[in-house]
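User: Hi! Could you walk me through the pockets and cavities in this one?
Analyst: Happy to, here it is.

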Amino acid sequence: MTTGKAFATTRAEGRAALVGYLPAGFPDVPGAIEALEVMVDCGCDVIEIGLPYSDPVMDGPTIQAAAQRALEGGVRTTDVLRTVEAVAATGTPTVVMTYWNPVERYGVERFATDLANAGGAGLITPDLTPDSAEEWIAAADARDLDKVFLVAPSSTDQRLRYTAEACRGFIYATAVMGVTGARASTSELAGPLVARTRAVTDLPIGVGLGVSNGDQAAEVASYADAVIVGSAFVRPLLDADDRASGLKALATLTEDLAAGVRRG
Amino acid sequence: MTTDKVDPGPDDAGRFGDFGGRFMPEALMAALDELTAAWQEAMADDAFTGEFHRMLHEYAGVPSALYDATKLSEHAGARILLKREDLNHTGAHKIRNVLGQALLTKRMGKTRMIAETGAGQHGVATATAAAYLGLECTVYMGEVDTERQALNVARMQLLGAEVIPVSSGSRTLKDAINEAIRDWVASVDHTAYCFGTAAGPHPFPAMVRDFCRGIGDEARAQCLELTGALPDAIAACVGGGSNAIGLFTAFLDDPDVAIYGFEAGGDGVETERHAATIWAGEVGVLHGARTYVLQDEDGQTVESHSISAGLDYPGVGPQHAHLAQTGRATYLPITDSAAMEALALLARTEGIIPAIESAHAIAGALDLAKERHGQTLLVNLSGRGDKDMGTAIDWFGLGQADADGTPEPASDEQIAEGAK
């Protein structure tokens, strides 16, 4: 199921979508599935499942810690696909966010096939730009999968156009020059980036990096088509004394963010 | 002999055959494009290259000598010539790379350099160049390495650099690179990333090679002058591969010169404890380039092991991957113990204590000498061994006042300790 379905709904409702991220296998494989189901139940429109990787250069300390814990727990690529299958079964479009080497190692064709069979919507690729993505683009196009590449405040207009042309589903606009992680205030770079991206594409534009509460979500939702939240969802699970209280905090946060995207 | 020139690469996309390229966040693409353009313009500008060579000559002690190591040669049974990069300022070939990148940083109008370092050699070199050229400097170093290389931390601090210990992942070199990239994403408008080896995304493999290629250009001319002929074979150690590609480049079009790279075999390539990336790794993507990577079935990077911190890296420069695939160069592993034996032999025969990294190349040349009796072997002595005395003390059981000084084989315990 593609993310296009979720964006059709949110556009009809005149609001932005809430995209929620968690790494697979954190705190363990069933625990991540349970947490992702809470996020679906409490208002995420699209789910983004992280594939834990040993060298996550775009992630800040929070997601690094969660991914490291998942790897120490022995999470495998097949577990990530299993997690996709469980979450996609809820009917919520589910994409995988992954650094490139694990996909190449698994086999690009094989990964695309297994992702499609699991009901996954596509991939977000933080260290793969369209310049190097020929094999993935072909595999995704053959299976009707979303290709979500990133744009950044430093992207030239030429690269914005080039990247947008290669995307399907939505475009991931990184709102800050920096790694993932909750920030006290949203970036002043995000608005201009979204405006520049809008000028070159009709695809929905999601804004990520830094959003951690409903008010920030509302602010971003006022100019973006999707609010992408990652580290803030990981944080309550890292901080909680036990799983039940972690899930409760996660539910409260999701509801706050879901209300935020409806205010924007 | 043919005179056909082989294009050493890379192509416009930074690829060496199947290897290299640019697997990096979009946020850094503009900076990498800007760097590529600035570097290419600088290399075509006599003012830049003239200033680079002036600094190398007046400040760094380059060109380094090519030394006819007659006593080692007698022992080996082949004529061994040593390119004395150990005599450069800061004690290794690395000063060439950092002076080039620091000068380019100034030219681009940036005020700060960041760097990753393993044992601390590249960090010290970067801090040195930053002090010399008046740039701010931040060095990322794995927490494990800051603990075992406290002296180099102190050197960097004395040179005015800020040293940030990295506590994520395996807390070693690869994690220091990750953290430096994270810094760069957030600081790219005023900061240059002074990458320490001929790896990473385009243009680093080609740029670092070009700043280091003086090693081979000088050695080739020095060898012709000294012996009247080219060497039969050349050899260098390979971690990321900057000293090796710096030596190899001048000889790529000399088909009669055999090229050897010696990787860190650690406890042996039959064990899991080594850093022989080309020998034992498989093709993947790490730190921005497609190359050989030590990785598991799922593409997670596997920790490497070597007694030599400078070779302890689970990736390798993409041009080396290409040279291995095409067969132009041969890459072989050298164990910790063979390297330490070669280190002691060079110290005893020639009065030169090499870096443990460079001792891998010496050990490799000693192996080559067995099948290349009487031939001329040119070896890059890429660095000096002062920094490695702690390891040598542990390995050989040195440092006691009553010791007769004869190196003894290391105990199993020492080997385990030294290889950590």
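**Pockets and cavities**

Analyst: The largest pocket has a volume of about 630 Å³. This is a predicted model, where local features need pLDDT of at least 70, side-chain atom pairs count only at pLDDT 80 or more, and totals for chains, interfaces and linings use all residues. Residues are numbered from 1 along each chain as its sequence is written, chains are lettered from A and ligands numbered from 1 in the order in which they are written, and side-chain values use heavy atoms, with hydrogens and water left out.

User: What counts as a pocket or a cavity, and what is a volume here?
Analyst: On a 1 Å grid over the protein atoms alone, a cavity is a set of points where a 1.4 Å probe fits but cannot get out, while a pocket is an open set with protein on both sides within 12 Å along at least five of seven lines; lining residues have an atom within 4 Å of a point. Grid points are joined across faces, edges and corners, and a volume is the space filled by probe spheres set on the points.

User: Thanks! Which residues lie nearest the centre of the largest pocket?
Analyst: Arg148(B), Gln149(B), Lys387(B), Asp388(B) and Thr391(B), out of 30 lining residues. H16(B) gives the largest share of that lining, four residues (helices, H or I with at least four residues, and strands, E with at least two, are DSSP runs numbered from the N terminus).

User: And how do the lining residues of the largest pocket divide by class?
Analyst: Into seven nonpolar, eleven polar and twelve charged. Ala, Val, Leu, Ile, Met, Phe, Trp, Tyr, Cys and Pro count as nonpolar, Asp, Glu, Lys and Arg as charged, and the others, Gly among them, as polar. Domain 1 (22–59 + 94–208) and domain 2 (66–91 + 213–418) of chain B each supply at least three residues of this lining; the domain bounds come from an automatic or database domain assignment.

User: What about the second largest pocket?
Analyst: That one holds about 550 Å³. Of its 31 lining residues, Ser132(A), Ala13(B), Arg15(B), Gly21(B) and Arg22(B) lie nearest the centre. Helix H5 (100–106) and helix H7 (134–143) of chain A give two or more residues each, as do H1 and H9 of chain B. H1(B) gives the most, with five residues, and the lining has 14 charged, ten nonpolar and seven polar residues.

User: At what angle do H1(B) and H9(B) pack?
Analyst: At about 25 degrees, with their axes 11 Å apart. Axes are lines fitted to C-alpha atoms, for helices over the stretch in contact, and angles run from 0 to 180 degrees between N-to-C directions. H1(B) and H9(B) are therefore roughly parallel to each other (under 35 degrees; over 145 is roughly antiparallel, 65 to 115 roughly perpendicular and the rest oblique).

User: Where does the largest cavity lie relative to the chain B domains?
Analyst: Between domain 1 and domain 2 of chain B, because both give residues to its lining.

User: And the second largest cavity?
Analyst: About 240 Å³, with 27 lining residues; Tyr21(A), Asp59(A), Ile63(A), Met97(A) and Thr180(A) lie nearest its centre. Its lining divides into 17 nonpolar, eight polar and two charged residues.
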